[in-house]
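Please look through the sequence and the structure shown here before reading the notes that follow.

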Amino acid sequence: MPLSEHEQRLLEQMERALYAEDPKFASALEGTGLRTYTRRRVYLAAAGFVVGIALLMGGLVANVIVVGVVGFVVMLGCAVFAVKGWKRGPAGPGAGAKASTPPRRKAGVMDRMEQRWQRRRDEHDGM
């Protein structure tokens, strides 16, 4: 639901007042968008992934299996961390600025079979 003109003007006045009172705080709030959050999360995951590769290779070279396994687990965890962050985005108030429709669930095999069963049953009852 969009803001009315009056609400828009009030919001702009509040923003100007915030910049006038505390410009450092206002600029800190500016960079907390979805792109910044996602980019930071992906960079952290990429750095962790590289550390995981180093541990894995180090474990293989030193012939210490435990270190290699830990490296693999770190790599896997960082990959999951990046993918989950990419899909979800930031959590918290104001994170979902646009109104979204509930996600559509794909019909699975059992759902399709149940629909077919219902259609056949309805056709049989209608005869």
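Across the protein chain of this predicted model, the average pLDDT is 78, and 72% of the residues reach a score of at least 70. Confidence stays under 50 over residues 90–99, a stretch for which the model has 3 contacts beyond four places in sequence. Where pLDDT is low, the predicted coordinates should not be read in detail.

**Overall architecture**

- The secondary structure of the protein chain comes to 5 helices and 0 strands, and the pattern read along the sequence is accordingly written as α-α-α-α-α.
- Among contacts in the protein chain between residues at least 6 apart in sequence, 42% join residues that are at least 24 apart.

**Surface and burial**

- The protein chain has 127 residues, of which 11% count as buried.

- Arg41 is found in helix α3, which covers residues 34–62, and Arg41 counts as buried because its relative accessible area of 15% falls under the cut-off of 20%.
- The side chain of Arg41 reaches the backbone oxygen of Phe81 at 3.0 Å, and Arg41 also lies over the face of Phe81, at 3.9 Å from the ring centre.

**Aromatic pairs**

- A pair of aromatic rings is described by the distance of the centres and the angle of the planes.
- With ring centres required to lie within 6.5 Å of each other, the count comes to 0 aromatic pairs.

- Met57 and Phe72 are 15 residues apart in sequence, while in space the distance between them, C-alpha to C-alpha, is 9.6 Å.

**Gly77 and Ala45**

- Gly77 has its place in helix α4, which covers residues 65–88, and with a relative accessible area of 37% Gly77 is partly exposed.
- Gly77 and Ala45 are 32 residues apart along the chain, and their C-alpha atoms are separated by 8.5 Å.

Terms used: Residues are numbered from 1 along each chain as its sequence is written. This is a predicted model: local features need pLDDT of at least 70, side-chain atom pairs count only at pLDDT 80 or more; totals for chains, interfaces and linings use all residues. Side-chain values use heavy atoms; hydrogens and water are left out. Helices (H or I, at least four residues) and strands (E, at least two) are DSSP runs, numbered from the N terminus. Buried means under 20% relative accessible area, exposed over 50%, partly exposed in between (1.4 Å probe, protein chains only). A polar contact is a pair of N or O atoms within 3.5 Å; within protein, one must be able to donate a hydrogen and the other to accept it, and residues adjacent in sequence count only if both atoms are side-chain atoms. Rings of Phe, Tyr and Trp (its six-membered ring) pair if their centres lie within 6.5 Å; planes under 30 degrees apart count as stacked, over 60 as edge-to-face and the rest as tilted. A charge sits over a ring if NZ of Lys or CZ of Arg is within 6 Å of the ring centre and within 35 degrees of the ring normal. Contact means heavy atoms within 4.5 Å. pLDDT is the predictor's confidence in each residue, from 0 to 100.
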